[in-house]
Amino acid sequence: MDQNQFFGARQAIPLGELAGRIGAFLSQATASDRLVESVAPISRAGPNDICYIQSRSSADYLKTCRAAAIICPQALTALLPDGLTALVSDNAQLAFARASALLYPAAMRPQSLVGEGEISPQASVDVTAALEAGVEVSPFAVIGARAEIGAGTRILSGAVIGADVKIGRNVTIGAHVCVTNALIGNNVIIHTGARIGQDGFGYAGSPTGMVKLPQVGRVIIQDDVEIGANTTIDRGAMDDTVIGEGTKIDNLVQIGHNVQIGRHCGIVSQVGIAGSVKIGDGVMIGGQAGVNGHLEIGSGVQIAARSGVLSSIEPGSRVGGIPARPMKLYLRELAELSRRAQTGGDEQGE
C-alpha cells in the first residue's frame with residue numbers, strides 16, 4: 001500500500017526543475033530530465049523518490065540507496081556512491097522541506113470535505129456572518145453571528161466559530177476545532193480538536209470557596225501561525241493572549257490567559273505555559289516543559305525538554321532541568337550524578 005495515498009495524485013517533477021525551485025545545485029546535468037514524484041527516508045528510497053542526508057550519522061545507508069537523487073551538503077558529496085545524483089544545498093533539511101511541499105501540495109494543510117469555495121448545506125452559517133468569496137465550509141461546521149471569514153479559508157467538519165470571531169484569508173480550521181473570542185490572521189493552520197479562546201483558570205479565594213474571575217480578553221493569532229491538535233489557548237482575563245507571527249505550536253500544548261508569545265517561536269508537545277508569561281522572539285521550548293506564571297522569557301532562549309522554569313530568563317540563554325538553570329551547569333550536574341552512581345555514591349562516606 002502506498003504510504004502517501006491520502007494526498008491524492010502526485011505530479012512528477014524533473015530533477016533539473018526541482019533543483020531550481022528549491023535553490024539546490026544538481027551534481028549531474030545529465031540527470032536533469034529524470035522524474036521524481038515522492039519523498040522517502042534514505043533507508044528505503046526508491047528510483048522515483050528523493051531523500052536527504054544532513055550529517056555523516058546516516059552515511060551507512062548510502063551504500064544501498066536507490067533514490068533518484070539525494071539532497072545533501074557539499075561536504076558530504078564525497079561519500080556518495082557512483083551513480084547517485086546529488087542536489088547540493090547548504091541546508092539539506094530546508095531544501096528537502098521545500099521539495100516535499102512541491103511534491104505534496106495537498107499535505108501542506110488539512111483538506112476539506114467540500115469542493116473549492118463551497119459551503120455544505122449541512123453546515124450552519126448565521127445569516128449575519130460575512131464570508132468572502134472562496135470560503136469552504138464542510139458538513140456540520142457552525143459559524144456564529146457576525147463572524148467574518150476571509151477568502152480561501154477552510155472550515156472543516158464539526159468546527160465551531162463563535163460570534164464576532166474574525167478569521168483572515170487562506171486559514172484552515174481543522175475538524176472539531178472551537179474558536180471563540182479570537183482574531184486570527186492570514187495563512188494560519190489550526191489542527192483537529194484545538195480549543196482557542198475559552199476561559200482561563202482564574203479564581204479568587206473566599207471563605208466559602210473559589211470565586212470565578214470573569215475572563216473578558218481575546219486571543220490574537222498573527223499571520224503564518226500553526227497550532228497542533230488538541231492544543232488549548234486561553235482567552236485573556238483582561239488583556240489579550242497573543243501568538244506572534246510565524247510561531248509553530250505542537251499538539252497538546254496549554255497556553256494560559258494573557259500569555260504573549262513573540263514571532264517565530266517553536267513550542268513542542270505537552271508544554272504548559274501559565275498565565276501572563278511574556279515570551280520573546282525565536283524562543284524554542286522542548287516537550288513537557290513547564291513555565292510558571294508572570295515570567296519573562298527573553299528572545300532567542302532555548303528551554304530543554306522536561307524543564308521547570310520558575311524564574312525569568314535572559315535573552316539568548318540555554319537552560320534545562322528543574323528548576324531550569326544554565327545548560328552547562330545542568331549538564332555538569334548530570335555528569336556528576338552519573339559519576340557518583342557509577343562509583344558507589346558519596347566519596348566522603350567511603
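**Cores, sheet and selected residues**

Mentor: In this predicted model, the largest nonpolar core comprises 52 residues, and those with the most contacts inside it are Ile173 and Ile273.

Trainee: Which elements give two or more residues to this core?
Mentor: The core in question is the largest nonpolar one, with 52 residues. The elements that contribute two or more residues to it are strand 18 (182–184) and strand 23 (219–221).

Trainee: Which residues does Ile173 touch, not counting residues up to four places away in sequence?
Mentor: Ile173 is one of the residues with the most contacts inside the largest core. With residues up to four places away in sequence not counted, Ile173 touches Arg154, Ile155, Leu156, Ala159, Ile161, Ile167, Val179, Ile184 and Ile190.

Trainee: How many residues does the other core have?
Mentor: This core lies apart from the largest one, and Leu26, Ala69, Ile71 and Ala92 are among its members. In general, nonpolar side chains of soluble globular proteins tend to be buried together. The number of residues in this other core is 21.

Trainee: Is Ala69 buried or exposed?
Mentor: Ala69 is placed in strand 6 (residues 69–72). Leaving aside neighbours within four places in sequence, Ala69 is in contact with Leu15, Asp49, Ile50, Cys51, Thr85 and Leu87. Because its relative accessibility is 0%, Ala69 counts as buried.

Trainee: What distance separates the C-alpha atoms of Ala69 and Glu296?
Mentor: Along the chain, Ala69 and Glu296 are 227 residues apart. Their C-alpha atoms are separated by 46 Å.

Trainee: Why are the buried residues of helix 1 on the same side?
Mentor: The buried residues in helix 1 (residues 15–22) are Leu15, Leu18, Ala19 and Ile22. They lie on the same side of helix 1 because the arc that they cover around the axis is only 100 degrees.

Trainee: Which residue just after helix 1 takes a positive phi?
Mentor: The phi in question is about 75 degrees. The residue that takes this value just after helix 1 is Gly23.

Trainee: Which residues outside the four-place sequence neighbourhood are in contact with Ser89?
Mentor: Ser89 lies in the loop between strand 7 (86–88) and helix 2 (92–103). Ser89 counts as buried because its relative accessibility is 9%, and its side chain reaches the backbone oxygen of Asn91 at 3.2 Å. Leaving aside neighbours within four places in sequence, the residues in contact with Ser89 are Ala24, Ile71, Cys72, Pro73 and Ala95.

Trainee: Which are the edge strands of the open sheet?
Mentor: The sheet is formed by 11 strands in the order 10-13-16-19-24-27-30-33-36-38-39, with mixed pairing. An edge strand here pairs on one side only, and the two that do so are strand 10 (136–137) and strand 39 (325–326).

Trainee: Which residue in strand 27 does Ile227 stand opposite?
Mentor: Strand 24 (residues 226–227) and strand 27 (residues 248–249) run parallel and are joined by two bridges. The residue of strand 27 opposite Ile227 is Ile249.

Trainee: With which side chain does the side chain of His257 make a polar contact?
Mentor: His257 is found in the loop between strand 28 (254–255) and strand 29 (260–261). His257 counts as buried because its relative accessibility is 14%. Its side chain makes a polar contact, at 2.7 Å, with the side chain of Gln215.

Trainee: Does Cys265 count as buried or partly exposed?
Mentor: For Cys178, a relative accessibility of 24% means that the residue counts as partly exposed. Cys265 has a relative accessibility of 3%, so Cys265 counts as buried.

Trainee: What is the omega of the cis peptide bond joining Ile322 and Pro323?
Mentor: Pro323 lies in the loop between strand 38 (318–320) and strand 39. Most peptide bonds are trans. The bond between Ile322 and Pro323 is cis, with an omega of about -5 degrees.

Trainee: What is the phi of Leu252?
Mentor: Leu252 is placed in the loop between strand 27 and strand 28, and it counts as partly exposed because its relative accessible area is 46%. Leu252 has a positive phi although it is a residue other than glycine, and the value is near 60 degrees.

Trainee: What is the phi of His294?
Mentor: His294 lies in the loop between strand 34 (290–291) and strand 35 (296–297). At 63% relative accessibility, His294 counts as exposed. Its phi is positive, near 65 degrees.

Note on methods
Residues are numbered from 1 along each chain as its sequence is written. This is a predicted model: local features need pLDDT of at least 70, side-chain atom pairs count only at pLDDT 80 or more; totals for chains, interfaces and linings use all residues. Side-chain values use heavy atoms; hydrogens and water are left out. Helices (H or I, at least four residues) and strands (E, at least two) are DSSP runs, numbered from the N terminus. Buried means under 20% relative accessible area, exposed over 50%, partly exposed in between (1.4 Å probe, protein chains only). A polar contact is a pair of N or O atoms within 3.5 Å; within protein, one must be able to donate a hydrogen and the other to accept it, and residues adjacent in sequence count only if both atoms are side-chain atoms. Contact means heavy atoms within 4.5 Å. Two strands pair if DSSP finds at least two bridges between them. The arc is that of the directions from the helix axis to the C-beta atoms. A nonpolar core is a set of buried Ala, Val, Leu, Ile, Met, Phe, Trp, Tyr and Cys residues joined through side-chain atoms within 4.5 Å.
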